[in-house]
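Hello,

Here is the structure we talked about handing over. Please open it first, then read the notes below next to it.

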Amino acid sequence: MYVGRDMTELSMMPKNEWKNSELAFFHHSFQQIMPYLNAEGATIHREIIKEIEDRGGLHRDEADWTHGTRVSYD
């Protein structure tokens, strides 16, 4: 379950100030509802994707005992 700032608060901040967990959560959420987004929602999703790409992606290259290779937004 996501525990963090909601889209209302985040929409007032530049994407480069978002945490990785926020980018991961909202990217996943927008990805699920993409067929139903209007132009504004699609633009926000593209901005989130661009920020993720600018950061080099959200993947973990190595797993350890406490972390897997996927970013968790819990």
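**Aromatic rings**

The structure holds 2 aromatic pairs. One of them joins W18 and F26, with ring centres 6.1 Å apart and planes at 65°, which makes the pair edge-to-face. The other joins F25 and F26; this pair is edge-to-face as well, at 5.0 Å centre to centre and 85° between the planes. Through these ring pairs, W18, F25 and F26 are linked into a cluster.

The mean pLDDT of the protein is 87, and 80% of the residues score at least 70. Among the elements, helix α3 (residues 39-54) has the highest mean pLDDT, 97, while α2 has the lowest, 94. Where pLDDT is low, the predicted coordinates should not be read in detail.

**Two lysines in one loop**

K15 is located in the loop that runs between α1 (7-10) and α2 (20-33). K19 is placed in the loop between α1 and α2 as well.

Which of the two is buried, and which is exposed? K15 has a relative accessible area of 15%; the cut-off for buried is under 20%, so K15 is buried. K19 has a relative accessibility of 51%, and the cut-off for exposed is over 50%, so K19 counts as exposed.

What does the side chain of K15 reach? It makes a polar contact with the side chain of E47, at 3.1 Å. If neighbours within four places in sequence are left aside, K15 is in contact with I44, E47, I48, E51 and R55.

K19 and R5 lie 14 residues apart in sequence, and their C-alpha atoms are 9.7 Å apart in space.

Best wishes

Terms used
Residues numbered from 1 in each chain as written. Heavy atoms only, no water. Phe/Tyr/Trp six-rings, centres within 6.5 Å; stacked < 30°, edge-to-face > 60°. Helix = DSSP H or I, 4+ residues; strand = E, 2+ residues; numbered from the N terminus. Buried < 20%, exposed > 50% of the residue type's maximum accessible area, 1.4 Å probe, protein only. Polar contact = N/O pair within 3.5 Å; in protein donor to acceptor, adjacent residues only side chain to side chain. Contact = heavy atoms within 4.5 Å. pLDDT = per-residue confidence, 0-100.
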